[in-house]
Amino acid sequence: MLSTTTCTSPLADLHYLLLETLNFEERLKKTAEFAITKFCDWCVVDVLDENGKNRRLSLAHADSSHSKEINGMENRILSTRSLVKDIEQFTTGNDEDLRNYLVSEEEMNLFKTLGCRSFIVVPVVARGTVFSNVTFAWTHKVSDNADLYIAKEIGRFLSLSADNARLYSDAQKAIRVRDEVLGVVAHDLKNPLSAISLSSQSFQRRFKLTDDEMIPAPQVKKMLQSVDRSVDRAIRLITDLLDFSSATSGMMKVDARPVSVDSLLAEAIEFLRPLAIERSLNLNCVNAPPRLEVLCDSERVQQVLSNLIGNAIKFTQPTGSITVSTRVEDAYLVFSIQDNGPGISEVDLPHLFERYWRVAKTKELGSGLGLAIAKGIVEAHGGRIWAESKIGEGSTLSFTLPIAGRFSLD
């Protein structure tokens with residue numbers, strides 16, 4: 001039994017031990033291992049989930065001869081309850097109190113086998129939330145206030161750790177959201193900037209204007225207009241995509257209005273055709289329904305089309321073809337982008353729209369965000385997105401948008 005004059009020594013040792021990791025559950029495990037060497041005979045750590053239910057995290061005993069009993073029972077015994085809500089409140093007991101504390105005869109028998117005579121249960125509490133209950137047990141009766149003091153102080157240490165872990169987790173989450181937004185911007189700026197670069201290079205190769213040529217040829221004018229559109233799109237993407245973090249909570253906002261399907265497809269094809277030509281690909285549009293409108297945010301849908309068609313251009317071999325088509329299904333219009341590229345395996349297909357996921361061994365590194373972005377935008381419109389593919393036969397990526405006049409987002 002530790003005296004009151006030495007009771008701070010193991011606490012100092014524990015303090016330094018907990019500095020070795022920022023992971024809260026690792027700190028709890030280290031506490032259990034520490035406790036059985038410096039403080040008690042065995043230690044049980046239960047963590048509480050969001051519903052207040054216990055999960056056994058660690059069970060340690062100072063006597064290794066009991067490892068068989070512990071390993072066989074650790075998920076079923078000592079079901080500490082979330083009754084202890086404050087560090088100033090705790091549960092203590094000696095052998096005569098065990099039956100009231102335990103929940104089954106099986107637990108009682110194990111306690112007897114392990115020779116438990118006393119226990120103290122302390123909560124790990126941070127900002128009013130119980131994160132864990134830690135049970136210290138002894139093979140003798142506890143009567144010295146020093147043991148109670150140490151148990152409560154360990155609870156305080158862990159409570160501070162829980163709060164720090166929560167703050168650390170929140171900070172990491174904020175960093176991930178920031179990196180995701182930057183990844184989105186970087187990914188979606190590639191297509192317009194590539195178009196700018198290609199138009200500029202083509203301009204330099206094909207036309208050499210002198211100072212006397214004040215009015216450019218029609219072809220040059222068209223290229224310059226393409227450059228202007230690409231620059232405008234890049235600026236708009238920077239502005240719009242910075243709020244993409246809202247998609248992490250499923251709250252992406254869209255300004256849905258009736259938009260001509262013809263204009264949507266014409267803009268997307270015109271925007272991406274230079275990239276297709278550069279890779280010797282045939283990009284065409286078929287089955288565009290005349291005078292049909294969909295209810296959508298035009299700029300957001302252009303992001304979707306740019307991502308899907310851009311991916312098809314990226315992965316289709318030179319001289320291949322990409323076809324954009326549409327069809328009506330009930331109150332929705334289905335947009336499909338079909339290529340005759342290498343295809344996607346059945347193993348990879350279910351992961352296609354996951355964030356940061358990429359096809360294994362692909363040469364195209366990318367950010368792994370393009371299709372996840374497209375999924376978020378389509379779902380924000382009340383539509384759905386999916387992929388179909390066979391190895392060696394190409395892929396078809398499809399998504400739906402509500403047809404104006406037949407469907408309302410309100």
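Contact here means heavy atoms within 4.5 Å. With that in hand, welcome to this predicted model, where local features need pLDDT of at least 70, side-chain atom pairs count only at pLDDT 80 or more, and totals for chains, interfaces and linings use all residues. Residues are numbered from 1 along each chain as its sequence is written, and side-chain values use heavy atoms, with hydrogens and water left out. Helices (H or I, at least four residues) and strands (E, at least two) are DSSP runs, numbered from the N terminus. Buried means under 20% relative accessible area, exposed over 50%, and partly exposed in between (1.4 Å probe, protein chains only).

**The sheet**

- Let us start with an open sheet of 5 strands, ordered β7-β9-β10-β12-β11, whose pairing is mixed; two strands pair if DSSP finds at least two bridges between them.
- The edges are held by β7 (282–286) and β11 (385–390), each with a single partner strand, so one side of each has no neighbour in the sheet.
- On average, neighbouring strands of this sheet are turned by 15 degrees against each other, direction ignored.
- As background, strands of a sheet pair through backbone hydrogen bonds, either parallel or antiparallel.
- Helix α8 lies across β7, β9 (321–329) and β10 (332–339), and runs at about 175 degrees to β7. For such angles, axes are lines fitted to C-alpha atoms, for helices over the stretch in contact, and the angles run from 0 to 180 degrees between N-to-C directions.

**The β11–β12 hairpin**

- Strands β11 and β12 (residues 394–402) run antiparallel and are joined by 6 bridges.
- The two strands form a hairpin with 3 residues between them, and glycine 392 in the turn has a positive phi of about 85 degrees.
- Two of the bridge pairs can be named: glutamate 388 partners threonine 396 of β12, and lysine 390 partners glycine 394 of β12.
- Threonine 396, found in strand β12, counts as buried because its relative accessibility is 17%.
- Setting aside neighbours within four places in sequence, threonine 396 is in contact with Ser336, Ile337, Gln338, Trp386, Ala387 and Glu388.

**The nonpolar cores**

- A nonpolar core is a set of buried Ala, Val, Leu, Ile, Met, Phe, Trp, Tyr and Cys residues joined through side-chain atoms within 4.5 Å.
- The largest one has 44 residues, and Leu308, Ile309, Ile337 and Phe399 touch the most other members.
- Helix α8 (residues 261–278) gives the largest share of this core, 9 residues.
- Apart from this core lies another, of 31 residues, among them Leu17, Phe39, Leu57 and Val122.
- Beyond its neighbours within four places in sequence, isoleucine 337 is in contact with Leu305, Leu308, Ile309, Ala312, Ile322, Thr323, Val324, Ser395, Thr396, Leu397 and Phe399.
- In soluble globular proteins, nonpolar side chains tend to be buried together.

- Helix α9 (residues 298–315) has 18 residues and spans 26 Å from its first C-alpha to its last, close to the 26 Å expected at 1.5 Å a residue. The expected span is 1.5 Å times one less than the number of residues.
- Most of α9 is covered, as 14 of its 18 residues are buried.
- Helix α2 (residues 24–38) has 15 residues and reaches 21 Å between its first and last C-alpha, close to the 21 Å expected.
- In α2 the buried residues are Phe24, Arg27, Leu28, Thr31, Ala32, Phe34, Ala35 and Ile36.

**Salt bridges**

- A salt bridge is a side-chain nitrogen of Lys or Arg within 4 Å of a carboxyl oxygen of Asp or Glu, and the count by this rule is 5.
- In one of them, glutamate 26 pairs with lysine 29, their closest N and O atoms being 3.9 Å apart. Both residues lie in helix α2, 3 residues apart, about one turn of the helix.
- Glutamate 26 is partly exposed at 35% relative accessibility, and lysine 29 is partly exposed at 31%.
- Arginine 156 and glutamate 153 meet at 3.0 Å, N to O; they sit 3 residues apart in helix α6 (residues 145–206), about one helical turn.
- Arginine 156 counts as partly exposed at 33%, whereas glutamate 153 counts as buried at 18%.
- Lysine 375 and glutamate 379 meet at 2.8 Å, N to O, and lie 4 residues apart in helix α10 (residues 370–380).
- An α-helix has 3.6 residues a turn, so residues three or four places apart point the same way.
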